[in-house]
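Subject: Structure handover

Hello,

Please find the structure below, followed by notes on what was found in it.

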Amino acid sequence: MKIIITKDYEELSEKAFEIMKGVLATREAVLGLATGSTPLGLYRKMIEDHLQNGTSYRGMRAINLDEYVGLSPENEQSYRYFMRKNLFDSIDIDLANTYIENGLAPNAEEECLRYNALLARFPRDIQLLGIGANGHIAFNEPGTPFDSETHVVALTENTIEMNARFFKDKNEVPRRAFTMGIKNITDAKKVLILACGASKADAVYGLVKGKVTEDLPASILQQHKDCILIADREAAALIGG
Ligand code: F6R
């Protein structure tokens, strides 16, 4: 794993953008994207670069990690909405080439199979990830098998708490979500994982120095052949350097 430690969030976003820019050089790149607060700085830089330098996303595809069960794409808390608001509506990507699980799918099992087939059809050049304070990646919570593919999860109390800040009321946070599995994530050619803030320090320690264990899902990335971690000083506090 390549590790980059930055002085702050701004520098983290710049470094992440440099790596993303390398992937964007391929006209038909397939980008695996994430929601959450950590990638927002990177998305702002992608938008700036599109506006200032004309980098085009016309031939590209974007495939997202996860989506809440029960939320429609128009729901402001859905991840589909998040991606449009924070990235897609400000670049020239064709929305038909952006993919996310359908939170309203009538048959969850079929939806998972559909998403796995999509992932197999469009191998990702890069998979962007944040990390949960408990080491989760996407909605793969501790204990998720490393060979898992797209599935529905019941969110842990910890994750519901962390996500409650985006909702008016904690009771509005959906209890279940679709998520790419860990095998889907590690199938990407390159993985870029971003970690920011002291609350992520334990998880980053487990990711970099801990035992590879399903108890800390991100630890599997130690075995990925092209994984880059960018962490700010606070998130990197326990790994030294
Ligand atoms: C987002 C996702 C989550 C987040 C993680 C960190 O699509 O799947 O795993 O990456 O919870 O969230 P933030 O960036 O808000 O700290």
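**Salt bridges**

Arg114 counts as partly exposed because its relative accessibility is 38%; buried means under 20% relative accessible area, exposed over 50%, and partly exposed in between (1.4 Å probe, protein chains only). The model is predicted, so local features need pLDDT of at least 70 and side-chain atom pairs count only at pLDDT 80 or more, while totals for chains, interfaces and linings use all residues. Residues are numbered from 1 along each chain as its sequence is written, and side-chain values use heavy atoms, with hydrogens and water left out.

The side chain of Arg114 meets that of Glu111 in a salt bridge, at 2.8 Å from N to O. A salt bridge here is a side-chain nitrogen of Lys or Arg within 4 Å of a carboxyl oxygen of Asp or Glu. Both Arg114 and Glu111 lie in helix α4 (residues 108-121), three residues apart, about one turn of the helix. Helices (H or I, at least four residues) and strands (E, at least two) are DSSP runs, numbered from the N terminus. Glu111 is buried, at 6% relative accessible area.

Lys170 and Glu157 form another salt bridge between their side chains (3.0 Å, N to O). Lys170 is in the loop between α5 (157-163) and β8 (176-179) and Glu157 is in helix α5, so this pair ties together parts that are 13 residues apart in sequence. Lys170 is partly exposed at 31%, and Glu157 is partly exposed at 45%. Glu157, Glu161 and Lys170 are linked in a network of salt bridges.

Arg84 and Asp89 also meet through their side chains in a salt bridge, 3.1 Å from N to O. Arg84 is partly exposed, with a relative accessible area of 35%, and so is Asp89, with 47%. By the rule above, the count comes to nine salt bridges.

**The protein as a whole**

The protein has seven helices and ten strands. Its radius of gyration is 17 Å, close to the 18 Å that the globule rule gives for 241 residues, so the protein is as compact as a globular protein of that length. That radius is taken over C-alpha atoms, and the globule rule is 2.2 Å times the number of residues to the power 0.38. Taken along the principal axes, the C-alpha atoms fill a box of roughly 45 × 45 × 35 Å. Of the 241 residues, 56% count as buried.

Regards
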